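Here's a quick briefing to read with the structure open in your viewer.

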Amino acid sequence: MVENYDGVPVLLHADDYGETHNTSEEMLELMKGGYLDGFSILTNMREHDRHLRMLLNAIPGMPSLPLINVHVNLVEGRMLSEATADDPQVTDAPCTRWDWMSLCRVSFHLPAHDKHGERMKYRETHDRLVAEIRAQLHRGWEDVRLIQEAAGEAGVPYEPQHLRIDSHQHAHMIPIVRRALEQVIRDEEFEVDYVRNSHELLMPFIRHASCRNLIGTVKNRILALFAPGMEKFIKSLGHTPSYLCGVMMSGHMDAVRLMTVLPDILRKCRQKGYGLEINIHPAMMLETEVTEEIPMESARGFYMSSDRHMEALTVRTIKAAMRDQFDSEANGDEAGEERA
(Lines give C-alpha, C1' and ligand atoms only; values in the text may rest on other atoms or scores of the structure.)
Protein backbone atom coordinates (compact mmCIF):
# COMPACT_ATOMS: atom_id res chain seq x y z
CA MET A 1 0.00 0.00 0.00
CA VAL A 2 1.51 3.35 -1.05
CA GLU A 3 2.06 5.74 1.87
CA ASN A 4 3.59 9.20 2.09
CA TYR A 5 7.13 9.52 3.31
CA ASP A 6 8.41 13.07 3.74
CA GLY A 7 5.49 14.31 1.66
CA VAL A 8 6.00 11.86 -1.22
CA PRO A 9 4.02 8.70 -2.05
CA VAL A 10 6.70 6.01 -1.60
CA LEU A 11 6.37 2.37 -2.59
CA LEU A 12 8.86 -0.04 -1.01
CA HIS A 13 8.90 -2.75 -3.65
CA ALA A 14 10.66 -6.11 -4.08
CA ASP A 15 11.17 -7.87 -7.42
CA ASP A 16 11.37 -11.51 -8.48
CA TYR A 17 8.81 -13.45 -6.45
CA GLY A 18 8.55 -16.89 -8.04
CA GLU A 19 12.10 -16.96 -9.36
CA THR A 20 13.08 -19.93 -7.19
CA HIS A 21 11.82 -21.67 -4.05
CA ASN A 22 14.28 -19.94 -1.71
CA THR A 23 13.75 -16.54 -3.31
CA SER A 24 10.01 -16.94 -2.78
CA GLU A 25 10.41 -18.16 0.82
CA GLU A 26 12.56 -15.21 1.81
CA MET A 27 10.21 -12.71 0.20
CA LEU A 28 7.24 -14.28 1.98
CA GLU A 29 8.99 -13.71 5.31
CA LEU A 30 9.21 -10.00 4.52
CA MET A 31 5.53 -9.94 3.57
CA LYS A 32 4.56 -11.68 6.82
CA GLY A 33 6.47 -8.98 8.69
CA GLY A 34 4.60 -6.24 6.85
CA TYR A 35 7.81 -4.82 5.37
CA LEU A 36 6.79 -4.63 1.70
CA ASP A 37 4.34 -2.25 0.04
CA GLY A 38 4.51 -4.16 -3.22
CA PHE A 39 6.17 -7.06 -4.98
CA SER A 40 6.54 -8.38 -8.52
CA ILE A 41 5.55 -11.90 -9.49
CA LEU A 42 7.18 -13.88 -12.31
CA THR A 43 4.77 -15.92 -14.41
CA ASN A 44 7.08 -17.80 -16.79
CA MET A 45 9.22 -19.96 -14.49
CA ARG A 46 8.90 -23.74 -14.56
CA GLU A 47 7.59 -23.97 -10.99
CA HIS A 48 5.20 -21.04 -11.21
CA ASP A 49 2.25 -23.03 -9.88
CA ARG A 50 4.19 -24.25 -6.84
CA HIS A 51 5.30 -20.74 -5.92
CA LEU A 52 1.78 -19.40 -6.39
CA ARG A 53 0.46 -22.04 -3.96
CA MET A 54 3.15 -21.03 -1.46
CA LEU A 55 1.95 -17.45 -1.66
CA LEU A 56 -1.72 -18.35 -1.32
CA ASN A 57 -0.96 -20.50 1.74
CA ALA A 58 1.05 -17.69 3.37
CA ILE A 59 -1.61 -14.99 3.02
CA PRO A 60 -3.44 -15.69 6.32
CA GLY A 61 -0.18 -14.89 8.16
CA MET A 62 0.22 -11.44 6.57
CA PRO A 63 -0.85 -8.21 8.30
CA SER A 64 -1.92 -6.93 4.86
CA LEU A 65 -1.42 -7.95 1.25
CA PRO A 66 1.10 -5.85 -0.70
CA LEU A 67 0.32 -4.52 -4.14
CA ILE A 68 1.20 -6.99 -6.89
CA ASN A 69 3.05 -6.20 -10.13
CA VAL A 70 3.31 -8.61 -13.04
CA HIS A 71 7.03 -8.96 -13.69
CA VAL A 72 7.19 -9.37 -17.46
CA ASN A 73 10.21 -11.56 -18.17
CA LEU A 74 11.62 -11.63 -21.70
CA VAL A 75 15.27 -12.43 -20.96
CA GLU A 76 15.04 -15.42 -18.60
CA GLY A 77 12.59 -18.19 -17.84
CA ARG A 78 10.33 -19.80 -20.45
CA MET A 79 8.20 -18.69 -23.38
CA LEU A 80 4.58 -18.87 -22.23
CA SER A 81 3.42 -18.06 -25.74
CA GLU A 82 5.08 -21.26 -26.99
CA ALA A 83 3.81 -23.55 -24.21
CA THR A 84 1.40 -26.31 -25.20
CA ALA A 85 -2.21 -26.15 -24.07
CA ASP A 86 -1.83 -29.26 -21.88
CA ASP A 87 1.35 -27.99 -20.18
CA PRO A 88 0.11 -25.74 -17.34
CA GLN A 89 3.56 -25.53 -15.74
CA VAL A 90 5.32 -24.66 -19.03
CA THR A 91 7.89 -27.39 -18.35
CA ASP A 92 8.10 -28.18 -22.06
CA ALA A 93 8.11 -24.59 -23.29
CA PRO A 94 11.45 -23.37 -24.67
CA CYS A 95 13.50 -20.89 -22.71
CA THR A 96 13.39 -17.25 -23.74
CA ARG A 97 15.21 -16.42 -26.97
CA TRP A 98 16.23 -12.82 -26.26
CA ASP A 99 18.74 -10.91 -24.20
CA TRP A 100 18.72 -7.24 -23.23
CA MET A 101 21.31 -6.10 -25.77
CA SER A 102 19.76 -7.89 -28.74
CA LEU A 103 16.38 -6.31 -27.97
CA CYS A 104 18.05 -2.92 -27.69
CA ARG A 105 19.87 -3.33 -31.00
CA VAL A 106 16.82 -4.45 -32.95
CA SER A 107 14.90 -1.47 -31.51
CA PHE A 108 17.16 0.76 -33.57
CA HIS A 109 17.19 -1.56 -36.61
CA LEU A 110 20.79 -2.60 -35.94
CA PRO A 111 22.01 -6.15 -36.68
CA ALA A 112 21.00 -8.48 -33.86
CA HIS A 113 20.76 -12.22 -33.25
CA ASP A 114 18.76 -14.11 -30.65
CA LYS A 115 20.08 -16.82 -28.34
CA HIS A 116 19.56 -19.40 -31.11
CA GLY A 117 21.78 -17.42 -33.46
CA GLU A 118 18.84 -16.40 -35.64
CA ARG A 119 18.81 -12.94 -37.19
CA MET A 120 16.24 -10.73 -35.47
CA LYS A 121 13.99 -8.78 -37.81
CA TYR A 122 12.12 -5.83 -36.34
CA ARG A 123 8.54 -6.74 -37.31
CA GLU A 124 8.92 -10.43 -36.53
CA THR A 125 10.51 -9.68 -33.16
CA HIS A 126 7.80 -7.15 -32.33
CA ASP A 127 5.06 -9.68 -33.11
CA ARG A 128 6.74 -12.36 -30.99
CA LEU A 129 7.07 -9.89 -28.13
CA VAL A 130 3.38 -9.03 -28.40
CA ALA A 131 2.46 -12.73 -28.16
CA GLU A 132 4.73 -13.33 -25.15
CA ILE A 133 3.75 -10.19 -23.25
CA ARG A 134 0.08 -11.00 -23.84
CA ALA A 135 0.54 -14.52 -22.45
CA GLN A 136 2.42 -13.31 -19.37
CA LEU A 137 -0.03 -10.51 -18.58
CA HIS A 138 -3.02 -12.83 -18.86
CA ARG A 139 -1.44 -15.33 -16.50
CA GLY A 140 -0.31 -12.53 -14.19
CA TRP A 141 -3.78 -11.02 -14.03
CA GLU A 142 -5.22 -14.43 -13.15
CA ASP A 143 -2.61 -14.69 -10.37
CA VAL A 144 -3.58 -11.28 -9.01
CA ARG A 145 -7.27 -12.22 -8.94
CA LEU A 146 -6.57 -15.49 -7.12
CA ILE A 147 -4.26 -13.81 -4.60
CA GLN A 148 -6.71 -11.01 -3.80
CA GLU A 149 -9.60 -13.46 -3.52
CA ALA A 150 -7.56 -15.48 -1.02
CA ALA A 151 -6.83 -12.34 0.98
CA GLY A 152 -10.52 -11.48 1.08
CA GLU A 153 -11.45 -14.97 2.24
CA ALA A 154 -8.77 -14.83 4.96
CA GLY A 155 -9.83 -11.38 6.15
CA VAL A 156 -6.43 -9.92 5.26
CA PRO A 157 -6.63 -6.24 4.23
CA TYR A 158 -5.71 -5.43 0.64
CA GLU A 159 -6.10 -2.61 -1.84
CA PRO A 160 -8.19 -3.69 -4.86
CA GLN A 161 -6.16 -3.24 -8.00
CA HIS A 162 -6.03 -3.69 -11.74
CA LEU A 163 -2.88 -4.63 -13.63
CA ARG A 164 0.40 -3.23 -12.36
CA ILE A 165 3.33 -3.85 -14.69
CA ASP A 166 7.10 -3.86 -14.53
CA SER A 167 9.72 -6.17 -16.05
CA HIS A 168 12.78 -8.27 -15.40
CA GLN A 169 15.95 -6.24 -15.97
CA HIS A 170 13.70 -3.28 -16.91
CA ALA A 171 13.33 -4.73 -20.42
CA HIS A 172 9.95 -3.02 -20.89
CA MET A 173 11.84 0.28 -21.17
CA ILE A 174 13.47 -0.84 -24.45
CA PRO A 175 11.57 0.91 -27.26
CA ILE A 176 10.50 -2.20 -29.19
CA VAL A 177 9.32 -3.86 -25.98
CA ARG A 178 7.47 -0.74 -24.84
CA ARG A 179 5.67 -0.56 -28.18
CA ALA A 180 4.71 -4.22 -27.93
CA LEU A 181 3.44 -3.64 -24.39
CA GLU A 182 1.40 -0.65 -25.58
CA GLN A 183 -0.18 -2.80 -28.30
CA VAL A 184 -1.09 -5.60 -25.88
CA ILE A 185 -2.70 -3.21 -23.41
CA ARG A 186 -4.63 -1.54 -26.23
CA ASP A 187 -5.72 -4.76 -28.00
CA GLU A 188 -6.68 -6.62 -24.82
CA GLU A 189 -8.29 -3.52 -23.27
CA PHE A 190 -6.50 -4.19 -20.00
CA GLU A 191 -7.23 -1.82 -17.13
CA VAL A 192 -3.83 -0.70 -15.87
CA ASP A 193 -3.13 1.02 -12.56
CA TYR A 194 0.64 1.33 -12.80
CA VAL A 195 3.55 0.89 -15.19
CA ARG A 196 7.05 1.30 -13.82
CA ASN A 197 9.13 4.07 -15.36
CA SER A 198 12.69 2.98 -14.62
CA HIS A 199 13.85 6.59 -14.49
CA GLU A 200 16.30 7.13 -11.68
CA LEU A 201 17.60 10.60 -10.90
CA LEU A 202 21.35 10.98 -11.39
CA MET A 203 22.23 14.16 -9.48
CA PRO A 204 21.64 12.79 -5.96
CA PHE A 205 24.29 10.16 -6.69
CA ILE A 206 26.64 12.69 -8.25
CA ARG A 207 26.46 14.72 -5.03
CA HIS A 208 27.35 11.67 -2.93
CA ALA A 209 30.35 9.86 -4.42
CA SER A 210 30.05 6.84 -2.12
CA CYS A 211 26.62 6.06 -3.58
CA ARG A 212 27.58 5.55 -7.22
CA ASN A 213 29.47 3.03 -9.30
CA LEU A 214 30.45 2.78 -12.96
CA ILE A 215 28.14 -0.06 -13.99
CA GLY A 216 25.21 1.50 -12.17
CA THR A 217 25.89 4.85 -13.84
CA VAL A 218 25.87 3.26 -17.29
CA LYS A 219 22.56 1.48 -16.58
CA ASN A 220 21.11 4.69 -15.15
CA ARG A 221 21.99 6.67 -18.28
CA ILE A 222 20.75 4.07 -20.77
CA LEU A 223 17.39 3.81 -19.02
CA ALA A 224 17.21 7.61 -18.81
CA LEU A 225 17.36 7.71 -22.63
CA PHE A 226 14.28 5.48 -22.80
CA ALA A 227 12.42 7.19 -19.95
CA PRO A 228 10.68 9.98 -21.96
CA GLY A 229 8.92 7.43 -24.16
CA MET A 230 7.73 5.47 -21.16
CA GLU A 231 6.68 8.64 -19.33
CA LYS A 232 4.58 9.68 -22.33
CA PHE A 233 2.93 6.25 -22.42
CA ILE A 234 2.14 6.32 -18.69
CA LYS A 235 0.57 9.75 -19.01
CA SER A 236 -1.51 8.49 -21.96
CA LEU A 237 -3.00 5.95 -19.55
CA GLY A 238 -4.09 8.81 -17.31
CA HIS A 239 -1.48 8.20 -14.61
CA THR A 240 1.27 10.31 -13.06
CA PRO A 241 4.71 8.69 -13.44
CA SER A 242 6.94 7.89 -10.49
CA TYR A 243 10.69 8.04 -10.24
CA LEU A 244 12.57 4.84 -9.46
CA CYS A 245 15.41 4.29 -7.01
CA GLY A 246 17.25 1.00 -7.42
CA VAL A 247 19.30 1.10 -10.62
CA MET A 248 22.49 2.84 -9.52
CA MET A 249 22.84 0.64 -6.44
CA SER A 250 21.13 -2.45 -7.85
CA GLY A 251 22.42 -5.48 -6.01
CA HIS A 252 24.03 -3.30 -3.35
CA MET A 253 21.14 -1.38 -1.81
CA ASP A 254 22.51 -0.89 1.68
CA ALA A 255 20.46 1.27 4.02
CA VAL A 256 23.20 3.80 4.82
CA ARG A 257 23.80 4.80 1.21
CA LEU A 258 20.10 4.73 0.38
CA MET A 259 19.27 7.04 3.28
CA THR A 260 22.11 9.32 2.14
CA VAL A 261 20.61 10.00 -1.29
CA LEU A 262 16.94 9.70 -0.31
CA PRO A 263 16.42 13.32 0.87
CA ASP A 264 17.64 14.68 -2.49
CA ILE A 265 15.45 12.23 -4.41
CA LEU A 266 12.37 13.05 -2.34
CA ARG A 267 12.97 16.77 -2.84
CA LYS A 268 12.90 16.32 -6.63
CA CYS A 269 9.79 14.13 -6.38
CA ARG A 270 7.98 16.90 -4.48
CA GLN A 271 9.00 19.46 -7.10
CA LYS A 272 7.65 17.32 -9.95
CA GLY A 273 4.62 15.99 -8.11
CA TYR A 274 5.86 12.42 -8.72
CA GLY A 275 5.83 9.40 -6.45
CA LEU A 276 8.84 7.19 -5.76
CA GLU A 277 9.32 3.46 -6.12
CA ILE A 278 12.24 2.04 -4.14
CA ASN A 279 13.09 -1.17 -5.96
CA ILE A 280 14.98 -3.81 -3.99
CA HIS A 281 15.95 -7.46 -4.58
CA PRO A 282 15.91 -8.83 -1.02
CA ALA A 283 15.88 -12.61 -1.58
CA MET A 284 18.67 -15.00 -2.56
CA MET A 285 18.75 -17.84 -5.03
CA LEU A 286 20.60 -20.98 -3.95
CA GLU A 287 23.25 -22.65 -6.11
CA THR A 288 21.21 -25.86 -6.09
CA GLU A 289 18.35 -23.94 -7.74
CA VAL A 290 20.26 -22.99 -10.88
CA THR A 291 18.59 -24.35 -14.02
CA GLU A 292 18.73 -23.61 -17.73
CA GLU A 293 16.08 -20.93 -17.12
CA ILE A 294 18.64 -18.55 -15.63
CA PRO A 295 22.22 -18.21 -16.95
CA MET A 296 24.86 -19.16 -14.40
CA GLU A 297 26.71 -15.88 -14.96
CA SER A 298 23.62 -13.96 -13.87
CA ALA A 299 22.91 -16.27 -10.96
CA ARG A 300 26.43 -16.22 -9.56
CA GLY A 301 26.97 -12.50 -9.99
CA PHE A 302 23.57 -11.28 -8.79
CA TYR A 303 20.88 -13.73 -7.65
CA MET A 304 23.17 -15.87 -5.46
CA SER A 305 25.02 -12.92 -3.92
CA SER A 306 24.95 -12.64 -0.13
CA ASP A 307 24.10 -8.98 -0.70
CA ARG A 308 20.50 -10.17 -1.09
CA HIS A 309 20.39 -10.55 2.70
CA MET A 310 21.85 -7.07 3.11
CA GLU A 311 19.04 -5.75 0.92
CA ALA A 312 16.48 -7.58 3.07
CA LEU A 313 17.90 -5.68 6.03
CA THR A 314 17.57 -2.46 4.02
CA VAL A 315 13.86 -3.18 3.50
CA ARG A 316 13.39 -3.54 7.24
CA THR A 317 15.41 -0.38 7.96
CA ILE A 318 13.56 1.81 5.46
CA LYS A 319 10.18 0.53 6.57
CA ALA A 320 11.13 1.23 10.21
CA ALA A 321 12.06 4.81 9.25
CA MET A 322 8.70 5.24 7.55
CA ARG A 323 6.85 3.84 10.57
CA ASP A 324 8.78 6.17 12.88
CA GLN A 325 7.60 9.09 10.79
CA PHE A 326 3.99 7.96 11.00
CA ASP A 327 4.28 7.43 14.75
CA SER A 328 5.70 10.94 15.14
CA GLU A 329 2.85 12.42 13.12
CA ALA A 330 0.30 10.54 15.18
CA ASN A 331 1.86 12.04 18.31
CA GLY A 332 1.72 15.56 16.91
CA ASP A 333 5.42 15.71 16.05
CA GLU A 334 6.27 17.98 13.12
CA ALA A 335 9.21 15.84 12.04
CA GLY A 336 7.18 14.18 9.32
CA GLU A 337 6.10 17.45 7.70
CA GLU A 338 7.35 18.26 4.23
CA ARG A 339 10.82 19.75 4.21
CA ALA A 340 11.86 22.54 1.94
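Leu65 touches Ile59, Ile147, Gln148, Ala151, Val156, Pro157 and Tyr158, leaving out residues up to four places away in sequence. Keep in mind that this is a predicted model. Leu65 sits in the loop between helix 2 and strand 4, and it counts as buried because its relative accessibility is 3%, with the cut-off at under 20%.

- Leu65 and Lys32 are 33 residues apart in sequence, yet their C-alpha atoms are 9.0 Å apart in space.
- Ile68 belongs to strand 4 (residues 67–72), and with a relative accessible area of 1% it's buried too.
- Setting aside neighbours within four places in sequence, Ile68 is in contact with Phe39, Ile41, Val144, Ile147, Gln161 and Arg164.
- Gln136, found in helix 4, is buried at a relative accessible area of 0%.
- What does Gln136 touch, not counting residues up to four places away in sequence? Its contacts are Thr43, Asn44, Val70, His71, Val72, Asn73, Leu74 and Leu80.

**Helix 2**

- Helix 2 spans residues 48–58, and its buried residues are His48, His51, Leu52, Met54, Leu55 and Ala58.
- Looking down the axis of helix 2, those buried residues fall within an arc of 155°, so they line one face of the helix.
- For background, an α-helix has 3.6 residues a turn, so residues three or four places apart point the same way.
- The cover over the buried residues of helix 2 includes strand 2 (8–17), helix 1 (21–32), strand 3 (38–41) and helix 4 (122–154).

- Met62, leaving aside neighbours within four places in sequence, is in contact with Leu28, Met31, Lys32, Leu55 and Val156.

**Largest pocket**

- The largest pocket holds about 900 Å³ of space.
- Its lining has 38 residues, and those nearest the centre are Gln169, His170, Lys219, Ser250 and Phe302.
- Two or more lining residues come from each of strand 2, helix 3 (100–107), helix 7 (214–236), helix 9 (296–303) and helix 10 (307–330).
- Helix 7 provides the largest share of the lining of the largest pocket, 6 residues.
- By class, the lining of the largest pocket splits into 12 nonpolar, 16 polar and 10 charged residues.

**Second largest pocket**

- The second largest pocket has a volume of about 260 Å³.
- Of the 18 residues lining the second largest pocket, Val2, Tyr194, Thr240, Ser242 and Gly275 are the closest to its centre.
- Strand 2, strand 6 (192–195) and strand 8 (275–280) are the elements giving two or more residues to the lining of the second largest pocket.
- That lining has 10 nonpolar, 5 polar and 3 charged residues.

Notes: Residues are numbered from 1 along each chain as its sequence is written. This is a predicted model: local features need pLDDT of at least 70, side-chain atom pairs count only at pLDDT 80 or more; totals for chains, interfaces and linings use all residues. Side-chain values use heavy atoms; hydrogens and water are left out. Buried means under 20% relative accessible area, exposed over 50%, partly exposed in between (1.4 Å probe, protein chains only). Helices (H or I, at least four residues) and strands (E, at least two) are DSSP runs, numbered from the N terminus. The arc is that of the directions from the helix axis to the C-beta atoms. Contact means heavy atoms within 4.5 Å. On a 1 Å grid over the protein atoms alone, a cavity is a set of points where a 1.4 Å probe fits but cannot get out, and a pocket is an open set with protein on both sides within 12 Å along at least five of seven lines; lining residues have an atom within 4 Å of a point. Grid points are joined across faces, edges and corners, and a volume is the space filled by probe spheres set on the points. Ala, Val, Leu, Ile, Met, Phe, Trp, Tyr, Cys and Pro count as nonpolar, Asp, Glu, Lys and Arg as charged, and the others, Gly among them, as polar.
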